[in-house]
Amino acid sequence: MNYAFWADVVVGFHVAYVGYVVVGQLIILLGLAMRWGWVRNPWFRLTHLAAIAYVAYEDLRGIACPLTIWEARLREWAGQDVQEGSFMGRLFHNILFYDDADQSLFPKLHVGFAVLVVLTFLLAPPRFRKKTATAAASASPALPAPPTSTTAPLPR
């Protein structure tokens with residue numbers, strides 16, 4: 001099994017996850033300003049909220065990110081240090097992790113960003129479709145009426 005490859009896949013997924021949260025929030029704010037209706041899509045908004053809520057929960061409870069643990073373990077099994085991975089693996093890892101930064105700052109940023117997402121969710125909530133009587137009637141075609149008999153019943 002090529003553990004280094006799977007470590008690169010995990011860190012790539014990790015970058016995509018962070019990108020979904022950060023870029024998603026920027027798109028939501030831009031979309032609200034531009035009156036784009038699709039940014040109120042409930043699936044998009046709920047998954048976006050859940051993604052950052054999970055990260056904030058991890059930070060508040062002192063839980064290490066599973067993706068970080070998996071990447072480190074796969075690199076260990078591959079006999080690599082993080083800086084020994086492939087070009088893309090190192091690039092993705094360096095996008096996520098900063099060696100010179102104060103590590104106590106990141107939980108505060110994560111929770112603060114989660115508060116921003118929750119406020120956006122509350123102030124500009126997603127729009128759930130409401131089924132009205134006319135919409136429900138037009139969505140499902142009416143069944144034909146049962147045939148009525150104008151003749152007398154057959155004798156037994």
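This is a predicted model: local features need pLDDT of at least 70, side-chain atom pairs count only at pLDDT 80 or more; totals for chains, interfaces and linings use all residues.
**Figure 1. The whole chain, for orientation.** Let us start with the overall plan. The protein chain has 6 helices and 0 strands, so its pattern along the sequence reads α-α-α-α-α-α. It holds 156 residues, and 25% of them count as buried. Among the contacts with a separation of 6 or more, 74% are between residues 24 or more positions apart.

Figure 2. Setting aside neighbours within four places in sequence, you can look for its contacts with Ala-7, Val-10, Val-11, Val-82, His-93 and Phe-97.

**Figure 3. Asp-8 in helix α1.** This view turns to Asp-8, which sits in helix α1. Asp-8 has a relative accessibility of 17% and therefore counts as buried. Which residues does Asp-8 touch, leaving aside its neighbours within four places in sequence? They are Arg-75, Ser-86 and Gly-89.

**Figure 4. Helix α1 packed against helix α2.** Two packed helices are described by the angle between their axes and the distance between the axes. For α1 (residues 3-34) and α2 (residues 42-61), the angle is about 125° and the axes are 10 Å apart. That angle makes α1 oblique to α2, and their crossing is left-handed. On the α1 side, look for Tyr-17, Tyr-20, Val-21, Gly-24, Gln-25 and Ile-28. Their partners in α2 are Phe-44, Arg-45, Thr-47, His-48, Ala-51, Ile-52, Tyr-54 and Val-55. By type, the residues of this contact comprise 9 nonpolar, 4 polar and 1 charged.

**Figure 5. Helix α1 beside helix α5.** Now the partner is α5, made of residues 105-123. The axes of α1 and α5 come within 11 Å and cross at roughly 35°, and the crossing is left-handed. From α1, the contact uses Val-21, Val-22, Gln-25, Ile-28, Leu-29 and Leu-32. From α5 come Phe-113, Leu-116, Val-117 and Thr-120. How many of the residues in the contact of α1 with α5 are nonpolar, polar and charged? There are 8 nonpolar and 2 polar residues, with no charged ones.

**Figure 6. Helix α2 alongside helix α5.** The axes of α2 and α5 come within 9 Å and cross at roughly 150°. Angles over 145 degrees count as roughly antiparallel, which is why α2 is described that way relative to α5. This crossing is left-handed.

**Figure 7. Arg-35 in the loop between α1 and α2.** Let us step off the helices for a moment. Arg-35 lies in the loop between α1 and α2. Most residues other than glycine have a negative phi. Arg-35, however, has a positive phi, near 60°. With a relative accessible area of 76%, Arg-35 is exposed.

Figure 8. Apart from its neighbours within four places in sequence, Trp-38 contacts Ile-27 and Phe-44. Its C-alpha atom is 9.2 Å from that of Pro-126, a residue 88 positions away along the chain. Asn-41 is partly exposed, with a relative accessible area of 34%. Its side chain reaches the backbone nitrogen of Phe-44 at 3.1 Å. What distance separates the C-alpha atoms of Asn-41 and Arg-127? The separation is 6.2 Å, although these two residues are 86 residues apart along the chain.

Conventions. Residues are numbered from 1 along each chain as its sequence is written. Side-chain values use heavy atoms; hydrogens and water are left out. Axes are lines fitted to C-alpha atoms, for helices over the stretch in contact, and angles run from 0 to 180 degrees between N-to-C directions. Helices (H or I, at least four residues) and strands (E, at least two) are DSSP runs, numbered from the N terminus. Angles under 35 degrees count as roughly parallel, over 145 as roughly antiparallel, 65 to 115 as roughly perpendicular and the rest as oblique. A crossing is left-handed if the near helix is turned anticlockwise from the far one by less than a right angle, and right-handed if clockwise. Contact means heavy atoms within 4.5 Å. Ala, Val, Leu, Ile, Met, Phe, Trp, Tyr, Cys and Pro count as nonpolar, Asp, Glu, Lys and Arg as charged, and the others, Gly among them, as polar. Buried means under 20% relative accessible area, exposed over 50%, partly exposed in between (1.4 Å probe, protein chains only). A polar contact is a pair of N or O atoms within 3.5 Å; within protein, one must be able to donate a hydrogen and the other to accept it, and residues adjacent in sequence count only if both atoms are side-chain atoms.
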